[in-house]
Structures are given as structure tokens and as C-alpha cells.
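Please keep the sequence and the 3D view open while reading.

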Amino acid sequence: MTKQIQDAYIVAATRTPVGKAPRGMLRQVRPDDLLVHALVSALAQTPAIEPALVEDVVVGCAFPEAEQGLNMARVAALLAGLPDTVPGVTVNRYCSSGLNAVQIAADRIRLGEADVVLAGGAESMSMVPMMGNKVAVNPRVFEREENYAIAYGMGITAEKVALQWRVSREDQDAFALESHRRALAARAAGGFSAEISPLEVTYRTADLAAGEVRTTVKRLSEDEGPRADTSLEALAKLKPVFDAKGSVTAGNSSQTSDGAGAVVLVSEAVLRRYNLTPLARYVTFAVKGVPPAIMGIGPKEAVPAALSRAGLKQDRLKWIELNEAFAAQSLAVIRDLELDPARVNPHGGAIALGHPLGATGAIRTATLVHGMRHRGEKGYGMVTMCIGTGMGAAGIFEVF
Amino acid sequence: MSETNFIIRKVAVLGAGVMGAQIAAHLVNAGVPTVLFDLPDPEGGSGIVTRAIAALRKQQPAPLAAGGLEAFIEPANYTQDLGRLAECDLVIEAIAERLDWKRELYHKVAPALGAGAIFATNTSGLSIEALAEACPAALRARFCGVHFFNPPRYMHLAELIPCRACEAQLLDQLETFLVTTLGKGVIRAKDTPNFIANRVGVFSMLATLANAAKYNLRFDVVDDLTGPKLGRPKSATFRTADVVGLDTFAHVVRTMREGLPKDPWHGLYAAPPWLEKLIAAGALGAKSKSGIYQKKGRDLLVLDPASGRHVPAGEQADASVLEILKIADVAERFSALRASAHPQAKFLWASLRDTFHYVAYHLSDIAHSARDIDLAMRWGFGWQRGPFELWQAAGWSRVAEWIEADMRAGETLSQAALPQWVREAGRTGVHCPDGSYDAGGKRLVRRSQLPVYRRQLAPAALIGERRDLGETVYENPAVRAFTSGDGVLVASFKTKAHSISPEALEGLNQAIDLAEQRFRALVIWQSEPPFSVGANLEALRPALAAGDWATIGSVIARFQSTSMRLRYSLIPTVAATEGYVFGGGCEFVMHCDRVVAALESYVGLVEVGVGLLPGGGGCKELARRAARESRGDLLAALKDYYMAVATAKVAGSGIEARQIGYLRESDVVVFNADELLYVAKQQALALAESGYRPPLAGARFPVAGRTGAASIKAQLVNLLEGHFISPYDFEIGSRIAEVMTGGELEAGTEVDESWILALERRHFVELLKNPKTQERIVHTLKTGKPLRN
């Protein structure tokens, strides 16, 4: 067995603003371009590190095809101006892909195999839909009824969690409203300014009458998802989307989104050599499997597993970024693990901020690091999420 | 051929109210670019019109024949855009019924009109002559009334009313455009208040109201008596008033009161007190959610005029009276009605009698012939029979005597004597094969000889008229095939709702044989809609009850082979559709070389409704089309077709049927159903003239295979888990997926048509064996509605 021989530190963590998909502000921006922006912005925060020092670029993506296919990590590294010598790899574990990218990057350093690694995630749900452009399910799924759940849409699994864990519609809607409230409050207090790297977007339309391309340029610096105009009454009016008799609505589910995030990880040696101030130390990561039909409960297994690996009690976690795939599964996890609601998503979650699948892990790592520092919190924090086909992942960081 | 073509390049509609916007919608349905005008919004733009256009998408029944057509209506306003009128060859004014507003508008737009443009008003009540005088003098030669009925896409009637100065040629040109391009039934009306249809229709409603009061009948009972059971629309009398709007109804009545001071029925032209009270209370009918009828939760309430309160509705007419209405022979039916002492029968007779009395008295002032009144009532009010033809069928002189007897007894609503021509010796009616009676000219007039009507080879005939349905070439109990000597054999179904029975299959095959032997082409056309409701399941029931699967299997095989013959026979086959084109009917249509669809063709493979799948080649045809259209991703091309079958999606128009893919881009949509046969024959002959050969049989095409089926099932399982479909729906859906993806094959494997036809047969029979499918069939046959089990 290989031993960890050194720690990995985060010295930069940033992300794009997150847009709504498929009709939002980033609908025309390619995911690899979003990723380039995140990578360049992250490196810009650590000018001491020469790009040539980067030993790998690890990028998460949940549907790595079409605009985000062709090993997006390597393509984006080259487009970001990194030298030819910097390799890249795209990894996929659906919604934890971005967190797995951070984990893989950190582990390379922890094993002493690398000193500087870029990690990130990117997803355009505007351009590549859930399940990808070409769905081709294995016929064996339908040979045995117990495998049907492999084909379940995420919404159905959320309904099953809501039913099994008895999460009421009212509680889900209240949770969703609170997500928006926290996100807006955090924005108003400048809570996202350290983590978001504003992006300039050029929109092109065909002016058919003039026979010309019309371009408009916008500078985007805020997430598109949080809504000030929502209310319990408005949320209560929404119809269930996935189950005619269910409780999961568009309002109490995460938003489909576009976005990218990037993190620079380095070894202790590099920290010292370049006299860098670390934002956080990578502590550990765990991933667990659960029945696909109740995939949303995944963090219930992953969170204790990660804590146990780190030798930490749950109450040491000061900030938990629990990806709000659905209010139903978030509440089920919070209740079963007895998490402190005040420490879970203090800046709001995916219901308000959006969930660009494979990018989320990297994006929320940036939120955790900068969110804690914004509030002057020091200590342990966690990024955790449920994962399609029944998994949960959790990563622990020590924020300075 | 020196005459210049008359082409309407573009139309402007002035006024974006419901009527104006819906006329604009129908124009773009017909492929006519349209500019819709209204006042500028407070910001000076065309927001009013933009909103009216957006609202079209939500209105029911749909004014637009397919989604997206609204984008072809250009919004405009009178301040900024009058310059755009110059390119419009026809301008239809449809603003509020105020002479002063119309005059102001006419003077504003007149300078902007193109030199030859036709200027028409869609007024329903104002005098065309008075409106012509409101026009600048130079415009009058190009001014007339075009009165569309609401909703303009669906109501066949358009009344055309010239002013005195109007050029005759212009009217002919406009009539031609209205008939062929917009598919309307045009009646030339005289310039009298409310013209023809509203004059008679509103009188009939007022007479119904008066007689209902006289015989003390509840309003819901009156509606039960005066709806479909009397050959009139479901909305009958009072519900029609609610739908029209009680204020609008009262306005039309007022127009008659003011415009017809010397009319013998003048006293009747008044809104009853209960109606005035409803209007005063803001209960205007459907648009204000309360009128004569009112919904309270799930209950329907109806006004009790005596108390002024709404009481639970749903009371039905007396069974003995309804029995009378079922008598097929019109003369016997009228005898029984008049003989009955039941107040409901007396009411019905009285209402019909007063209407007969009225139209006879007014025929010479309001219409050019009795036919125009009858057609106007059929086309504008949805009556199955007009008043004159009913009277004629009931026995002309007998009914005239009854009217006079009732008059003497003081029963009629007016004492105006019947005109002399009614009682002429030897008169047996007003319609005969030589023409219909014109009371003003005291002569018979034939149907219009305008060239456009040569395109109507066999228009629906009134009682007394003759309809030319050619010379019979072949006939069995289910099919008649005829020819008019033009080389085309026309096959028509004789079955109820033109369902497809084993005899119909036999007849159609015989017709194909005959066409191959002696004709140049075969057209399938029905003498009245629907085209076909699909396979006759009733005919399968004995075999089903006996578990005789061999017989059932052979019927399905026969169905499929008939579809295949329609494609591969040596002569071109053309289907001419109108109304429902369901199930097996749709499958036949999909296999013809060409389809000529009336706009109002409602096309769908609806088999899942009865727990079956398309077994006559429908699944096969869509799988084959998907393979042809696919550019690499076969499943992507198949998916929408699959969903159409699995959800029994019915196209709401011929245009939508083309969008969904039941029809092909090469298929033709015709706006006037009376032109269907003509266009179908033209298409058939053109194919024959082009050196027709059927496609080569045996062509191979790839299927989406097991992975395709699994990917479809992945969606179904989510619908199942989400309680949107039942477990049995899931089974049916899975079987359709298996058939359309080619069964147990890998994606991309090439098959031929017979491969998928065999899968259709197998799964069709397996579904039919399932008790749940049998329950669905029995339920649908009994109730006419689908069962979800």
C-alpha cells in the first residue's frame, strides 16, 4: 500500500458565474471556453507559478461529449495558453466529477508524483442535455426488474427518497425558499465576489433585415439563478414534474445550469519555494454506493466515511456544501445525519445557485474555501453530493 | 388567355380583436402573408397587435392550423405602418361596430391603399351601403362586405355583400379567393340588417326563447331538444348565446329592432327581461364565466328565468318527444311532432313553424334564393338541414296549411300572411334539380356558374337537389366505386363513420383490381366526412369471443396486404381526406402515393386508446420513414414518430399532420373540402401522366434495434414510476417500441417492410389476447371513450 507522503494545498480556487440552462446567459458559451476562463483566472491568482510547472490538468464533466467531448481538459489547457508539455484528463462520475478532479489532483501531489496540478470542472447543460445527445441504454437493464432503476431519471429517485424519508412538499418548498434567501443575502454581503471570476460574453444574432451579424458584449459577474421574487405561495402552486402524485417540482429541484470552476493545488515544497499563502489543505475524500432508485441519499453514506477516514467528528465541520440536487434528498440527508442546518449551505445551494453537473464539485470547492474565509471561519469544511445511479461523494478541506 | 391573373399577394386586416386576429390566423394558415393592424400602444408601437397574435396560440378551438404560423402575421399600427398597406391586394376591416369609428378609419387608410386593392368590411350588422358612403368616393367601386363567422377558421360561411357601386368582376375575384384559398362557402347576401345567417339564426333563437316561455320549458331542456337531436350543434340555443356573448347577442337583436321597424316580427326583436338582468349583472356568458349557464365547482347551473336564480342543470327532454326526433322519415317526424300534445313537442313544432313562416315571408328581401338561406344556416350555424329543405321534406303544402291553421288559431308569432308563391298550385318545395326558388325574381336559379365552382365536383346537396356521384363500377355492402368518365376510379366507403370492416377490405381490393385493369388511377374519397374512424372492431368481436385467433390473424394480414397494395399497385393511388383519419384509415392514407387532405383533417394512429398498436402497416411505415430521414442517429429520427404512436397523437389539421409526419411534404393540403375530389383526381392524373411506376418492392432499411427499444423503455419506465402511465400502458408502449425498432436485432441491422409487418401482426394479436385490451375495446365500443386500465 502506498502511503501519503505530503499534503496538498489549494492556493487558488475560482469559478465562472453560473447561468441558467438552456435559455440563460451562458447558453451560447461553449463549456470548453468556460473552462478556459476558469483555468486562466485560477492561474492568474498565483502569478508566481509558471504555467510550465503544471504537471496535469484534471477536469470533471458529467456528459463529456460534443462541445465538451474530445478530452476537454487537454483542449482547454492548450486553448488557455498552457505549454504543450502540460497534459490533461477529463474524468466522469456525474455530479461528483468536479470534486473527483480535485481529489485526483490532490492525490497525485500527496503521493509525491506531482507538485502543481490544476483541477476543475465544466458543464454546459444548454449545449449537452442530461443523458447526452444520443441515449443508448443497454437492453439488459430491462431483463430484470431490479435493474430498471438504472434507467430512472433523477426526479423519480428524488420522489422515492421523499416518500421513503417522508419529506413533505411543504418542507421541500420551505427549504427551496431558504436556499434563495441565503444566496441573495450572501450576494448582497459580497460573499461571492472572491470566488467568481467575471466573464465577458459576446452574443451573436443574425440581423436578417440588414444581412449582418449583430454582436452585444456583456460582462457577467453574478449567478443567474437566485430569485428574489419567489415565495412559499408561488412554490406551492408549481405542479410536480416527475410524478403525477409526487411532491418534487421545478421549484424545489436544482436548476439546470452552465458553468465551470478551477482550483490550483500544490505541494508543501512549492508553497515554500514560491512563498505562497494556502487557502486550504485537502484532507480526504470518500465515495459510496447506494441503491440507484434512491441515489439522493448517497451523502448519508459518504459523509461518515470521509469523516472516519479523516478521524474527525461531524461537529468539527464548520461549513458543509451539500449539493442541493433536490430539496427532498437534501432534507433526508440533513435529518438522517443530524447535520446542523445553519452550517449546511450558508450561501445557498444548487436550488438557487444552479447545478452544472460535472462542474459543481469544483465550483462548490471554491464556494467553501472563499465562503468560510469571507465569514472569517477557519477549520474543517466539506463538499458533498449525491450522484446518479446511486452514489454519494464527500471531500473534506481544512480552510485557513 | 389575355385576362390578367388575379393574385392576392398580401392581405391586411384592420382591427386585432378576436375576429380580426382570427381572420389573420386563417389567412396565414392558407399561406397568405398578412399584416394585422390596430391602434398604437401607449409607447407608440404595435404592442396591442403583438399581444393579440400571442393570444392566438392559446385560443380553443385553435385558430392556427399549426404551431409557429403566428410568426407570419406581421404586427402593425395605424400611426407608423400605413405605408405597408400599399403592398396589400385585399384589406379587411374588422374593428368595432361603430359607423363613426369606421368612417374615420376609412378616410385615414384610403390614401395608403394600393390602386387595385379590394377594401372589405367584416361588419355583421351595419349597412354596407351606409359604410360605402363612409368611404371616400373613389374607393366605393372596390368596397364590399365580407362577413366571416366565428370562429372564422372553422365556420364555413362567408357572406359577400356588395355595395351599389361595387365592380362585379371584383366580387367574382374575391369570391374565388374566399372559396379556394380560404376554403369558405360563399353566399352573396343582400344588404339587409344582419344579412342572411344571423338574421334567420337570431330570429330562430328569439322564436325559441318565446316558445320556451310560452310552453314553460326549462332552458336546459330546451337545449337538450334543440341541439344534436334536432340536427343542430351541441351548443343548441342557450349555450350558443353564452358562447357568442349575451351582450353581443343583445346587440344583434338591437340591430334588428332598429333596422327593421316595419318587420311583422318587430315586437319579437327585444331582449327578454331576464337577459337584460344578466347583462346588467355582468354575466355575459362564457367570456365572463357566467351567463345563462354557470359552473359552480363541478356542478353546472342553469338560469331559472322565473326566479332569476341559477339552479342545477342537466334535466333532459321527455323520452317520448326524443323518440319522435329519432324518426328517420322527415314527413313522419313532422306529423308526429304536430300531433303530439306534449308541451315539449308543441314547443319544437312551434319553433320550427315560426322559423319556416319567417324565412318564407322574408325570402325575397334577404336572399337571392331559398338555397342561399339553407346553405347559410348549414354553414354559418351548423344546422344539418336548412329551414326550407326541412319544410320541403316534411311535405310542402301540408306544412304550409299547418302554418296557416296555426295563424288562424293565433298560435304564430306574427299574423303576416304567407307569400303568394308558397301556396302556388303544384308547388312541392323550393329546391329541385333545376335550381332553387328566387322569390324576388319569381324563378328558379341554378348554383353559381363562377369558374371556381367547377372545382367542386360533387358538393353536398340540399334536399331536393341532385348530387352527381358518377357511374357505379363496383359495389358491395361496404364500398362503392364509381367513375365520371375521366379515367379515374373513385372508391368510397359506405360503412358507419367509414369504419373498415372485412367487407370494406374486400371492396377496396376489388377496386384496386378494377383500377389496375381499366383505369388510370384510384382515388379514395368519401362523399361526406369522416374519412375513416379506422378498423371496425365490432366486426372482430365474434372471433374475439370465440378465441378464433386464426381468423383474427388473417384479418390483420388482409389489412396489411391492402395497405401494401395501395403502395405497390400499378396505378397511382390517392387518398382524399377530411375529418377523422384514424387508425386503419390513417394507415391506408400513409400507403397511398399521395394524400390530398382537407385542412380540417384530424389524422392519428389512435390504436393505443383501445390497447392495441397500429397493425395495418402504420408502425412499419413510420420506422421506414425514420430510417430514410435519419442522418446517423436513427433513434433520434424515430423518437418523435414513436411518441406520436404511443400517445395516439392526433394532428389538429392537415398542416399539422404533415409536421408530425403522418403526411409527407409532398402531400397536398386543400382548404375547401368541396374541392377535395377535384384536386385528388388532378394529382392522380398528374402521377399517371408522369409515367407512374410503383416503388420497387423489397427495399431494405436499418432499424434502431434492441438498444433503441431499451432507450425508449428508459423513458417509459420513468413515466410508469411517475404514475403518468399504467403498467399496461407500459406494456403496450414497450411492444410498440419493439415493433418500431425491429425487434431482437442490433441497431443498424437492415430489414425489409415484411419484417416489421410480421412484428406488427405478432404484437397486435398478443395485445388482443390480453383481457385488459379486450376490456378497453368493449369499453370504447360502449361509451365511445378510451379506458385507462
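In which loop of chain B is B:Ala648 found? B:Ala648 sits in the loop between helix H21 (634–646) and helix H22 (654–660) of chain B. The model is predicted.

**Chain B overall**
- Chain B holds 27 helices and 23 strands.
- The C-alpha trace of chain B spans about 80 × 65 × 60 Å along its principal axes.
- The radius of gyration of chain B is 28 Å, which agrees with the value near 28 Å for a compact globule of 789 residues.
- Buried residues make up 51% of the 789 in chain B.
- Take the contacts in chain B with a separation of 6 or more: 70% of them link residues 24 or more positions apart.

**The eight-stranded sheet**
- One open sheet in chain B has eight strands in the order S3-S2-S1-S4-S5-S6-S7-S8, and its pairing is mixed.
- Its edges are strand S3 (73–77) and strand S8 (185–188) of chain B, each of which pairs on one side only.
- On average, neighbouring strands of this sheet are turned by 25° against each other, direction ignored.
- Helix H2 (residues 47–56) of chain B lies across strand S2 (34–38) and S3 of chain B. The helix runs at about 150° to S3(B).

**Strand S7 and its partners**
- Strand S6 (residues 143–148) and strand S7 (residues 157–162) of chain B run antiparallel and are joined by five bridges.
- Opposite B:Leu160 in S7(B) stands B:Val146, while B:Cys144 stands opposite B:Pro162.
- On pairing with S8(B), S7(B) is parallel, with four bridges. B:Leu157 has B:Gly185 in S8(B) as its bridge partner.
- Between S7(B) and S8(B) the chain passes through helix H5 (residues 168–181) of chain B, and this β-α-β crossover is right-handed.
- S7(B) is mostly covered, with six of its six residues buried.
- In a regular strand, side chains alternate between the two faces of the sheet.
- In S7(B), B:Leu157, B:Glu159 and B:Ile161 point one way. B:Ala158, B:Leu160 and B:Pro162 point the other way.

**Contact between chains A and B**
- Chain A gives 18 residues to the contact and chain B gives 15 residues.
- The chain A side that touches chain B has twelve nonpolar, three polar and three charged residues.

**Cis peptide bonds**
- In chain A, the peptide bond from A:Ala21 to A:Pro22 is cis, with omega near 5°. A:Pro22 lies in the loop between strand S2 (19–20) and helix H1 (31–44) of chain A.
- In chain B, a cis peptide bond joins B:Gln60 and B:Pro61, with omega about -5°. B:Pro61 is in the loop between H2 and S3 of chain B.

**Positive phi outside glycine**
- B:Asn216 is not a glycine, yet its phi is positive, at about 55°. B:Asn216 is found in the loop between helix H6 (197–214) and helix H7 (219–225) of chain B.
- B:Asn216 counts as exposed because it has 10 C-beta neighbours inside 10 Å.
- B:Ala648, also a residue other than glycine, has a positive phi near 50°.
- B:Ala648 has 17 C-beta neighbours inside 10 Å, so B:Ala648 counts as partly exposed.

Methods: Residues numbered from 1 in each chain as written. Chains lettered and ligands numbered in written order. Helix = DSSP H or I, 4+ residues; strand = E, 2+ residues; numbered from the N terminus. Rg over C-alpha atoms; globule rule 2.2 N^0.38 Å. Buried ≥ 20, exposed ≤ 12 C-beta atoms within 10 Å, placed from the backbone. Contact = placed C-beta atoms within 7 Å. Pairing = 2+ DSSP bridges. Axes fitted to C-alpha atoms, helices over the stretch in contact; angles between N-to-C directions. Nonpolar A, V, L, I, M, F, W, Y, C, P; charged D, E, K, R; others polar. Right-handed = clockwise from strand over helix to strand, strands pointing away.
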